[in-house]
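Please keep the structure in view while reading.

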Amino acid sequence: MDSKPPRRNYNEDLVNMINDLKRRKEAVGTEIENESRKRDEIQCRIDQEQKRLSHCEARLSKLQSSNEAYAKMVKEAEAAYKKIEQSSQTLLHVMKREQKVIEKDLTGEV
């Protein structure tokens, strides 16, 4: 008995392999489309958040400038108030001294 290996139909195997590769390519193509869509959605959210961040940074900068201006104004006002207070003390001292002089003149003290 002659035992020959079974004859295979290579053409049919090749066609099946090509069809399988096409199915796999199509599946990968679908995944690519899905991931591209996700990427685009994420990029859109990133762009929106970037705009919000820019707005927030601009607002923060303005607030910091205002805060610095208020700090400067407070410092200048406190310095001016201190000068006024010192002048008031000097004026009060001078007035008391002059009052004593007037009272001495009234009483005739030398």
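**Briefing on the predicted chain**

Of the 110 residues of the protein chain, 0% count as buried, where buried means under 20% relative accessible area, exposed means over 50% and partly exposed lies in between, with a 1.4 Å probe and protein chains only. This is a predicted model, in which local features need pLDDT of at least 70 and side-chain atom pairs count only at pLDDT 80 or more, whereas totals for chains, interfaces and linings use all residues. Residues are numbered from 1 along each chain as its sequence is written, and side-chain values use heavy atoms, with hydrogens and water left out.

**Overall form**

- The protein chain has one helix and zero strands, with helices (H or I, at least four residues) and strands (E, at least two) taken as DSSP runs that are numbered from the N terminus.
- The radius of gyration of the protein chain is 47 Å, well over the 13 Å that the globule rule gives for 110 residues, so the chain is more spread out than a compact globule; the radius is taken over C-alpha atoms, and the globule rule is 2.2 Å times the number of residues to the power 0.38.
- Along its principal axes, the C-alpha trace of the protein chain spans about 160 × 30 × 10 Å.

**Surface and charge**

- The accessible surface of the protein chain comes to about 11,200 Å², of which carbon and sulfur atoms hold 56%; accessible areas come from the Shrake-Rupley method with a 1.4 Å probe, and for residues only the protein chains shown count as cover.
- The protein chain carries 23 positive and 21 negative charges, whose mean positions are 2 Å apart.
- In that charge count, Lys and Arg are positive and Asp and Glu negative, while His and the chain ends are not counted; the place of a charge is NZ of Lys, CZ of Arg, CG of Asp or CD of Glu.

**Salt bridges**

- Side chains of opposite charge can pair when their charged atoms come close.
- The count comes to five salt bridges, each being a side-chain nitrogen of Lys or Arg within 4 Å of a carboxyl oxygen of Asp or Glu.
- Aspartate 20 and arginine 23 meet in one of these salt bridges, at 3.6 Å from N to O, and both lie in helix α1 (residues 10-107), three residues apart, which is about one turn of the helix.
- Within this pair, aspartate 20 counts as partly exposed at 22% relative accessibility, whereas arginine 23 is exposed, with a relative accessible area of 53%.
- Aspartate 40 forms a salt bridge with arginine 39, with the closest N and O atoms 3.3 Å apart; aspartate 40 is partly exposed at 42% relative accessibility, and arginine 39 counts as exposed at 52%.
- Glutamate 49 forms a salt bridge with arginine 52, the closest N and O atoms being 3.1 Å apart, and these two residues, three residues apart in helix α1, are separated by about one helical turn.
- Glutamate 49 counts as partly exposed at 43% relative accessibility, while arginine 52 is exposed, with a relative accessible area of 57%.
- Salt bridges that share partners also join Asp20, Arg23 and Arg24 into one network.

**Cysteines**

- A search of the whole structure finds zero disulfides, a disulfide being a pair of cysteine sulfur atoms within 2.5 Å.
- Cysteine 44 is in no disulfide, and the nearest cysteine sulfur, that of cysteine 56, is 20 Å away, which is too far for a bond.
- Cysteine 44 is partly exposed, with a relative accessible area of 39%, and cysteine 56 is likewise partly exposed, with a relative accessible area of 47%.

**Distances along the chain**

- Lysine 83 has its place in helix α1 and is exposed, with a relative accessible area of 58%.
- Lysine 83 and glutamate 68 are 15 residues apart in sequence and 23 Å apart in space, C-alpha to C-alpha.
- Arginine 39, the partner of aspartate 40, is also found in helix α1, and its C-alpha atom is separated by 75 Å from that of threonine 90, which lies 51 residues away along the chain.
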